[in-house]
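Dear colleague,

I am handing over the structure we spoke about, with a short account of what was found in it. Please keep it open while you read the notes below.

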Amino acid sequence: MRNPRLIEEHAPDEALFQVPSARLVFERVGPRTVVRSALPMGPLRLLTPKNHGHGAWAYTSSLGGGFVDGDAVRLEMRVERGATAFVSTQGATRVYRSPRGCTSETRAEVGASALLALVPDPTACFAGARFRSRCEMDLASGASLVLVDALSAGRSHRNERWAFDRYSSGLRVTLGGGLIVDETVVLDPAHGPLAERLGRFDLLATLLLAGSPLAAAREEISRRIEATPLGVRSELVESKSRLGPDATLVRIAAVSVEAGLARIRSHLRFLPALLGDDPFSRRGMPCT
């Protein structure tokens, strides 16, 4: 049963609508997808490296190396009909001590027969950090979405394991006009000491696959999870939920950040074929 203190419905913060938006637009030109527009804004930078596949890639980065107190960023994306886009980050999203808090919002429109893979590195909230993120995806009929949202324990080597002041991550996805998921995950020491509640786990992650073109990938991931034995002290715990006929949500908790990310890449082994290239291999971590 869901604990309402951990997962709750949450309306978007109207203040974020006043933040100027960075923008990414992907368009299909012949057999390839190109970045038609990449407009950075505020501390948010956009990198668009070339690759050997037919999909287009974009990476976000921050001028300050992470979020500092009072930062607010907003990214709007559009993936045109038939285009294929991979969007990630240059590294972990670091959130520094922020008494006033930091906010991030990502919104995307994905056209028919298009694919958006939004696979950022984990968020790492340091001691005293307050961070709120919101991700809203609007998929046309026939569109596909691969989305990863991961949170690490922070700077454990500096005794800052789960030491942030508050973290919330909202996710809202519609497909063909129908709502798939709308939730906000909240972690707040006011609900109980975080390190005690999260125990030995150093990574929490959500993986969402939506869209009828990804049916085979969803079935394979479901079979893999069902076939994985779960022991009393398992290093990795995961569950899956079907969200209607065309979406699957996977939750992962891992003792090791590296092991959790390796499991996610394993689930995403189908992705390089859809992109025409493996974006993870450039970091020495290919999907296997």
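A residue is called buried under 20% relative accessible area, exposed over 50% and partly exposed in between, with a 1.4 Å probe and protein chains only. By that rule Y59 counts as buried, at 11% relative accessibility, and F86 is buried as well, with a relative accessible area of 1%.

Please bear in mind that this is a predicted model, in which local features need pLDDT of at least 70 and side-chain atom pairs count only at pLDDT 80 or more, while totals for chains, interfaces and linings use all residues. Residues are numbered from 1 along each chain as its sequence is written, and side-chain values use heavy atoms, with hydrogens and water left out.

With strand 4 (residues 44-47), strand 5 pairs in the antiparallel sense over 4 bridges, where L46 faces T60.

The structure holds 8 aromatic pairs (ring centres of Phe, Tyr or Trp, the latter by its six-membered ring, within 6.5 Å; planes under 30 degrees apart are stacked, over 60 edge-to-face, the rest tilted). The rings of Y59 and F86 have centres 6.1 Å apart and planes at 65 degrees, so this pair is edge-to-face. Because Y59 lies in strand 5 and F86 in strand 7, the pair ties together parts that are 27 residues apart in sequence.

Best regards

Key: Two strands pair if DSSP finds at least two bridges between them. Helices (H or I, at least four residues) and strands (E, at least two) are DSSP runs, numbered from the N terminus.
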